[in-house]
Amino acid sequence: MRAADARWPDHRFSAATQPMHTHTILERVGLRPTYPRILALDFFRANPHDHFSAEQIYRLLNGDERNISLATVYRLLAQLVDVTLLSSAVFGESRMVYELNKGKPHDHIVCTECGQIEEFFDPEIEARQKAIAETHDFALTARQFVLFGVCPACRKAGA
């Protein structure tokens, strides 16, 4: 089975909520459980609410001299996104971040001062995005809604 064909209906399968071993999760989506893939997926499973750039993952995974190249990190992140274990989003000018795909749609609000990222879900926004796609006769395959602003902590620090 090809990795791209290994989808679960309605995204009910999620690496965040399944008690399965990482090896099993990778095999179920058609990826060989290599050391870098296991390390990366375990890292995201341990940090299910955080967002990381490829460079941050590279530094964090190599913290104890594991010697995983940056090219390998980019490649494995793309593979994990392709099989829907991770999600990616672009915030601002080419700031790509990755997060564990928890199987539920959500949007983001990003602080333009400190870079803090908050997740939120609004059923009205979700319905409106679907309606817009239907109005334009698009079959919606992905969506991204990002708000930018200044978080309370940064506003307080700047006051």
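Here are a few exercises with worked solutions on the structure above.

This is a predicted model, in which local features need pLDDT of at least 70 and side-chain atom pairs count only at pLDDT 80 or more, while totals for chains, interfaces and linings use all residues. Residues are numbered from 1 along each chain as its sequence is written, and side-chain values use heavy atoms, with hydrogens and water left out.

**Exercise 1. Find out how many helices and strands the protein has, and in what order the elements run.**

Step 1: The protein has 6 helices and 5 strands. Helices (H or I, at least four residues) and strands (E, at least two) are DSSP runs, numbered from the N terminus.

Step 2: Starting at the N terminus, the order is α-α-α-α-β-β-β-β-α-β-α.

Step 3: Of the 159 residues, 36% count as buried. Buried means under 20% relative accessible area, exposed over 50%, and partly exposed in between (1.4 Å probe, protein chains only).

**Exercise 2. Work out why the buried residues of helix 3 line one face.**

Step 1: Helix 3 covers residues 54–61, and its buried residues are Ala54, Ile57 and Leu61.

Step 2: Looking down the helix axis, these buried residues fall within an arc of 60°, so they line one face of helix 3. The arc is that of the directions from the helix axis to the C-beta atoms.

Step 3: The packing partners of the buried residues are helix 2 (35–46), helix 4 (70–82) and strand 2 (95–100).

**Exercise 3. Identify which residues of the largest nonpolar core touch the most other members.**

Step 1: A nonpolar core is a set of buried Ala, Val, Leu, Ile, Met, Phe, Trp, Tyr and Cys residues joined through side-chain atoms within 4.5 Å.

Step 2: The largest one has 25 residues, and Leu26, Phe44, Ile57, Leu77, Leu80 and Leu85 touch the most other members.

Step 3: Two or more residues each come from helix 1 (22–28), helix 2, helix 3, helix 4 and strand 2. Helix 2 gives the largest share, 6 residues.

Step 4: Take leucine 26 as an example: beyond its neighbours within four places in sequence, it is in contact (heavy atoms within 4.5 Å) with Leu31, Pro33, Arg37, Ile38, Leu41, Leu80 and Leu85.

**Exercise 4. Trace how the strands pair.**

Step 1: Two strands pair if DSSP finds at least two bridges between them.

Step 2: Strand 1 (residues 86–91) and strand 2 are antiparallel, with 6 bridges. Serine 88 has tyrosine 98 of strand 2 as its bridge partner. Their hairpin has 3 residues between the strands, and glycine 92 takes a positive phi near 70° there.

Step 3: Another 3 strands form an open sheet in the order 4-3-5, with mixed pairing. Strand 4 (117–120) and strand 5 (146–149) stand at the edges with a single partner strand each, so one side of each has no neighbour in the sheet.

Step 4: Strand 3 (residues 107–111) and strand 4 pair in the antiparallel sense over 4 bridges. Here histidine 108 is partnered by glutamate 119 of strand 4.
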